[in-house]
Amino acid sequence: MSAFDEDLTGIVALTLRLGGQAEELTDLALRAMETGDPALAEDAAARRARLTGFARSATASAAFVLALRQPMAADLRLVLAALRMIPAL
């Protein structure tokens, strides 16, 4: 596998991982709201801070690939899709 393919695979993996973490955070936050448990709310806030840092890292990785690898066609669409999804997650 070429370095470029590894970079693209890494972007997909980071985006999927970020999505999974966002889903877990949403579930935790909803449970905290439903139960009124302040410990769950604090845990959700801490996870959100970590998720934000992880999202910045994932965005930087996608921007790195975009800037240095100059992808075309489907590869470019993949990188641009990741750059659009990451902030939304």
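Visitor: Which residues does Leu51 touch, not counting residues up to four places away in sequence?
Guide: This is a predicted model, in which local features need pLDDT of at least 70, side-chain atom pairs count only at pLDDT 80 or more, and totals for chains, interfaces and linings use all residues. Residues are numbered from 1 along each chain as its sequence is written, and side-chain values use heavy atoms, with hydrogens and water left out. With contact taken as heavy atoms within 4.5 Å, and with residues up to four places away in sequence set aside, Leu51 touches Leu18, Gln21, Ala22, Leu25 and Leu89.

Visitor: Against which helices do the buried residues of H2 pack?
Guide: The buried residues of H2 are Leu40, Ala44, Leu51, Phe54, Ala55, Ala58, Ala62 and Val65. Their packing partners are H1 and H3.

Visitor: How many degrees around the axis do the buried residues of H3 cover?
Guide: The buried residues of H3 are Val79, Ala82 and Ile86. They lie on the same side of H3, because the arc that they cover, taken from the directions from the helix axis to the C-beta atoms, is only 55 degrees.

Visitor: Which exposed residues sit on the face of H3 turned away from its buried side?
Guide: The buried residues of H3 are covered by elements including H1 and H2. The face turned away from that buried side carries residues that count as exposed (over 50% relative accessible area), namely Ala73, Arg77, Arg84 and Ala88.

Visitor: Is Leu16 buried or exposed?
Guide: Leu16 has its place in helix H1. Its relative accessibility is 62%, and therefore Leu16 counts as exposed.

Visitor: Which residue has a side-chain oxygen within 2.9 Å of the backbone nitrogen of Ala39?
Guide: H2 is followed by Gln70, whose phi is positive, near 45 degrees, but Ala39 belongs to the start of this helix. There, the side-chain oxygen that reaches to within 2.9 Å of the Ala39 backbone nitrogen comes from Asp37.

Notes:
Buried means under 20% relative accessible area, exposed over 50%, partly exposed in between (1.4 Å probe, protein chains only). Helices (H or I, at least four residues) and strands (E, at least two) are DSSP runs, numbered from the N terminus. A polar contact is a pair of N or O atoms within 3.5 Å; within protein, one must be able to donate a hydrogen and the other to accept it, and residues adjacent in sequence count only if both atoms are side-chain atoms.
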